[in-house]
Amino acid sequence: MSWTKEQMADKVISLFKPGSSINLGIGMPTAVAERIPPQSDFMIHSENGVLGVKGRPTKETVSPTLINAGKETISINKGASFFDSSMSFGMIRGGHIDYCVLGGMEVDCEQSLANWAIPGKKITGMGGAMDLVNGAKQVIIMMTHFSKDGESKLVKKCTLPLTGYKVVDLVVTEMGLFRPNGSTFEIIDLADGVTKEQLKLP
Amino acid sequence: MSSKVFKDAQSALHDFKSGSTLMSGGFGLCGIAENCIDALTKMDVKDLTVISNNIGNSGRGLVKILVQNKIKKAYCSYVGGNPDLEKQMMAKTIEVELVPQGTFAERIRAAGMGIRAFYTPTGFATPVAEGKDVKNFDRPCILETALHADFAIIKAQKGDTYGNLWFKETARNFSPLMAMAAKTTIVEVEELVELGEIAPEDIHLPGLFVQRIFQGKDYKNDIEFLLLEDQS
């Protein structure tokens with residue numbers, strides 16, 4: 001039985017040390033944001049300029065100037081802070097953020113990631129992803145294991161334009177938890193009943 | 001000092017010309033200079049180079065001048081959710097340079113701080129690195145240059161007559177950096193106050209970087225994605 005998105009999110013959360021600072025990307029990683037226990041002491045960073053994000057606001061507390069990098073309304077925890085974009089990315093690039101969780105299109109054995117562009121298709125831009133993968137202490141990619149054609153997205157070498165070269169620490173898919181080590185993917189954990197053969201690893 | 005205070009967006013933008021490079025603060029629609037953008041829609045200007053994280057969104061913000069074909073070139077980090085820009089990109093009627101968001105912020109900051117260029121690992125071995133100098137430090141880095149502008153249009157919650165600014169919540173984003181990077185920085189505020197009303201310790205951007213300021217009006221403060229506790 002492969003993991004649900006919620007189980008994948010819980011797996012990611014189990015990797016976080018108490019008190020960690022964490023940046024969560026758009027797409028699949030938003031499931032992580034939804035699953036973080038309210039009593040946790042994580043500091044959630046959003047690159048538009050806030051550290052200490054806490055879920056959603058109420059009708060009474062909602063503010064048009066209080067948003068996350070997905071441009072969604074948020075609320076904040078006690079101890080939160082606001083800052084400009086340069087300081088925000090200084091936190092990232094300077095190696096002060098413990099974890100970032102991003103979606104992915106391809107991850108390869110060399111720890112490289114492609115997640116922002118498909119040649120010939122609509123381009124949305126990389127946003128903060130290239131800075132995040134080069135700056136966060138631990139880069140965790142959360143994505144579906146297989147492409148629409150049933151091919152593994154954990155590949156020998158990325159063919160899509162890169163987001164970052166040699167930057168990925170861990171990959172979580174519905175099949176398990178994997179670590180690219182330069183030549184292959186180490187299997188750290190597998191969903192119940194999933195066999196190695198099903199993974200189509202390179 | 002009061003010579004910095006203008007009546008409205010139109011008067012503050014009186015010498016804005018075709019061909020200018022314009023920085024526009026805001027993240028998506030959060031913290032955008034609504035009055036200045038509206039004034040630009042009524043001005044006969046074209047061939048603008050615009051430096052702004054999103055170039056507006058879903059028909060709003062800078063999209064208003066984009067659809068008037070006033071923008072020749074844009075620097076931004078994310079254009080998703082902006083179909084008008086996508087259309088112009090596909091039709092090649094606009095040149096777009098996509099810049100990683102942290103590099104984007106730092107290139108703007110660098111301009112204001114007098115730094116000509118810097119090396120960063122962000123973008124190495126990606127399309128962003130094409131044609132750029134690579135140097136190995138602890139790991140390979142690419143050379144990125146400062147981004148300057150003729151004008152910046154900035155919105156702050158509160159500002160005094162010298163241009164000292166205070167931003168609300170996450171509306172700060174790129175605005176203080178752009179204010180430092182532009183030759184002429186025009187600020188619109190929800191509350192224009194007298195000197196001393198913002199405590200010196202609370203000033204997010206010293207007025208030194210601001211050339212013009214005016215009391216804005218009719219703010220919409222649009223929310224792009226309204227998500228509330230009981231809905232999520």
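Author: Let us begin with strands: two strands pair if DSSP finds at least two bridges between them. Helices (H or I, at least four residues) and strands (E, at least two) are DSSP runs, numbered from the N terminus. The model is predicted: local features need pLDDT of at least 70 and side-chain atom pairs count only at pLDDT 80 or more, while totals for chains, interfaces and linings use all residues. Residues are numbered from 1 along each chain as its sequence is written, and chains are lettered from A and ligands numbered from 1 in the order in which they are written.

Reader: In which sense do strand β11 and strand β12 of chain A pair, and over how many bridges?

Author: Strand β11 (residues 176-180) and strand β12 (residues 185-190) of chain A are antiparallel and share five bridges.

Reader: What is the order of the strands in the open sheet of three strands?

Author: The order is β7-β6-β9 in chain A, with mixed pairing. At the edges are β7 (113-114) and β9 (154-155), each of which pairs on one side only. Strand β6 (residues 106-108) of chain A runs antiparallel to β7(A) and is joined to it by two bridges; A:Val107 has A:Leu113 as its bridge partner in β7(A).

Reader: How many residues of helix α3 of chain A are buried?

Author: A residue is buried if 20 or more other C-beta atoms lie within 10 Å of its own, exposed if 12 or fewer, and partly exposed in between, with C-beta atoms placed from the backbone. By this criterion seven of the nine residues of α3 (85-93) in chain A are buried, including A:Phe89, A:Met91 and A:Ile92. The buried residues of α3(A) pack against β1 (21-24), β2 (43-46) and α4 (129-135) of chain A, and also against α5, β6 (117-120) and α6 of chain B. After α3(A) comes A:Gly95, with a positive phi near 80°.

Reader: Where does A:Ile36 lie, and why is A:Ile36 classed as buried?

Author: A:Ile36 lies in the loop between α2 (30-35) and β2 of chain A. A:Ile36 counts as buried because 20 other C-beta atoms are within 10 Å. Contact means that the C-beta atoms of two residues, placed from the backbone, lie within 7 Å. Apart from neighbours within four places in sequence, A:Ile36 is in contact with A:Ile13 and A:Phe42.

Reader: How many residues of chain B are in contact with chain A?

Author: On chain B 46 residues are in contact with 40 residues of chain A. Helices α5 (101-113) and α6 (175-181) of chain B each supply at least two residues of that side, and the largest share, six residues, comes from α5(B).

Reader: Which residues have the most contacts inside the largest nonpolar core?

Author: A nonpolar core is a set of buried Ala, Val, Leu, Ile, Met, Phe, Trp, Tyr and Cys residues joined through C-beta atoms within 7 Å. The largest has 128 residues, and those with the most contacts inside it are A:Ile141, B:Ile108, B:Ala152, B:Met178 and B:Ala181. Strand β9 (residues 149-160) of chain B gives the most to this core, six residues. Not counting residues up to four places away in sequence, B:Ile108 touches B:Met23, B:Leu147, B:Phe174, B:Leu177, B:Met178 and B:Ala181.
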